[in-house]
Amino acid sequence: TKLQTKVDDTSAATTSDPTAETNPEMTEVKKERFDSISDVIRTVIRDKGIRGLYTGCKGQVVKGFFSFGLMYMIKDRVVAWMLTLFLTLHKMRRR
């Protein structure tokens, strides 16, 4: 499959998004086909610079921080509960 992104002027359409009024780039839906990820990277660097490659990165880092933090907090509680259960069953068996 070919990668798609918003870049071609031939299929311009308006959107009902309220942010489109403040951001003129969002008023057109553009499509261009790419043959590989390197074509996408070159286009992003050409159009938005190196910083364009990191657009949205902050949100992903924050999401990862909370999801991994929650996951390891739950894991620690489950391990502590399982260890307590194991030791309790072990003591009961020895009697």
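A search of the whole structure turns up three salt bridges, each meaning a side-chain nitrogen of Lys or Arg within 4 Å of a carboxyl oxygen of Asp or Glu. This is a predicted model, where local features need pLDDT of at least 70 and side-chain atom pairs count only at pLDDT 80 or more, while totals for chains, interfaces and linings use all residues. Residues are numbered from 1 along each chain as its sequence is written, and side-chain values use heavy atoms, leaving out hydrogens and water.

Start with Arg 42 and Asp 39: their closest N and O atoms are 3.0 Å apart. The two sit about one helical turn from each other because they are three residues apart in helix α1 (residues 37-48); helices here are DSSP runs of H or I, at least four residues, numbered from the N terminus.

Next, pick Asp 47 and Arg 46, bridged at 3.3 Å between the closest N and O atoms. Arg 46 is exposed at 59% relative accessibility, whereas Asp 47 is partly exposed at 47% (buried is under 20% relative accessible area, exposed over 50%, partly exposed in between; 1.4 Å probe, protein chains only).

Then go to Lys 75 and Asp 76, the bridge at 3.8 Å, N to O.

Now select Phe 65 and Phe 66. They form an edge-to-face aromatic pair, 5.3 Å centre to centre with 75° between the planes (ring centres within 6.5 Å; planes under 30 degrees apart are stacked, over 60 edge-to-face, the rest tilted). Phe 65 is exposed at 59%, and Phe 66 is exposed at 56%.

Last stop: Met 92, in helix α2 (residues 57-94), exposed at 56% relative accessibility.

Definitions and conventions. Phe/Tyr/Trp six-rings, centres within 6.5 Å; stacked < 30°, edge-to-face > 60°.
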